[in-house]
Amino acid sequence: MELLALLSGILIFIIVLILLGPFGDRIKHKRRRLEQIEGVFNRNVDEELSKPFSQRFLYPIMFKILKGISHLVPKTRKATPGNKLEKDLKLGGITLSVNEFKAIRLVVMISCISFSLLPAAIRSIPLQAKALIFLFGLVLAILVPRYYLQSSIKTRQGAIRNQLPDILDLLSVSVEAGLGFDAALLRVSDRSNGPLIDELITVHREMQMGRPRRESLKDLGERSSVGELKIFASSIIQADILGISIKNVLKTQSQQLRLSRKQRAEEKAMKAPVKMMLPLVIFIFPVIFLILLGPSLIQIMDTFG
């Protein structure tokens, strides 16, 4: 029975960690942004030694093990635009191949199923409880990799949407100062970081390698599947074709995106009371009723014997 309680606690801890992970990443991103504004970052001479111990020692070992496991996974066909898993990995900003991600998913599934099979060795646990734990572990093994992938895609797309108005302001200021569009991209990339900056760096490198600007911007909009970024790329392409000043296009796009970001924030604020109703009804109201009506019910039971 003690082992069952221990396994249940471990599974609950994993679920809570998965559910609260995005909130921790959001707080970490805000703290990092404030540190950038305040200029708190101290650049060390040796960047390799400044990294945490886990990145210098543990991560390389884990990636070597996963790469060895990925060789055991059946190879997929040549990458095509219809390969959904490869597209999702790119959308989530996960720098893993399809086989490496499948290897990680296989390891997670085996671990969850193994933990769920441990109570089967204990005779004192009822058969129904064993079946329920195994079913829970199986569902967890299937949902954890899928939830992580979808959460990464959603987080990255949200970061791009929130960062786009500020980056457009910086681009507009740089263009107004006399820089060309390519030089403005390079200047903004040096001053900021984030998923949108990574995409802009990719665009700048493609243009440096001789690829036409229109094709690079078109791929920028399609690569992230963010509607606002597609509109921005299309506007720059149209301005390039029609000979319109890019400065005015950037300023107009920035104003529209700021308005859109404000409307999304208002929409979330309007949805918050509705989302709060379910936890209130399940967790808060029963406790309030118990506190208010509990003494009266005890008195009524004593009165009627």
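Which residues in α10 meet α11, and which residues in α11 do they meet? In this predicted model, the α10 side of the contact consists of E228, I231, F232, S235, I236 and A239, and the α11 side of I246, V249, L250, Q253, L257, S260 and R264. By class, 8 residues of this contact are nonpolar, 3 are polar and 2 are charged. Helix α10 spans residues 227-242 and helix α11 residues 246-303; their axes come within 10 Å and cross at roughly 165°. An angle over 145 degrees counts as roughly antiparallel, and α10 and α11 are therefore roughly antiparallel to each other. The crossing of α10 past α11 is right-handed.

The contact of α4 with α5 has 4 nonpolar and 2 charged residues, and no polar ones.

The buried residues in α4 are L85, D88, L89 and L91. Viewed down the axis of α4, these buried residues fall within an arc of 160°, so they line one face of the helix. An α-helix has 3.6 residues a turn, so residues three or four places apart point the same way. The buried residues of α4 pack against α5, and also against α6 (127-176) and α9 (213-224). Just after α4, G93 adopts a positive phi of about 70°.

Technical notes
Residues are numbered from 1 along each chain as its sequence is written. This is a predicted model: local features need pLDDT of at least 70, side-chain atom pairs count only at pLDDT 80 or more; totals for chains, interfaces and linings use all residues. Side-chain values use heavy atoms; hydrogens and water are left out. Axes are lines fitted to C-alpha atoms, for helices over the stretch in contact, and angles run from 0 to 180 degrees between N-to-C directions. Helices (H or I, at least four residues) and strands (E, at least two) are DSSP runs, numbered from the N terminus. Angles under 35 degrees count as roughly parallel, over 145 as roughly antiparallel, 65 to 115 as roughly perpendicular and the rest as oblique. A crossing is left-handed if the near helix is turned anticlockwise from the far one by less than a right angle, and right-handed if clockwise. Contact means heavy atoms within 4.5 Å. Ala, Val, Leu, Ile, Met, Phe, Trp, Tyr, Cys and Pro count as nonpolar, Asp, Glu, Lys and Arg as charged, and the others, Gly among them, as polar. Buried means under 20% relative accessible area, exposed over 50%, partly exposed in between (1.4 Å probe, protein chains only). The arc is that of the directions from the helix axis to the C-beta atoms.
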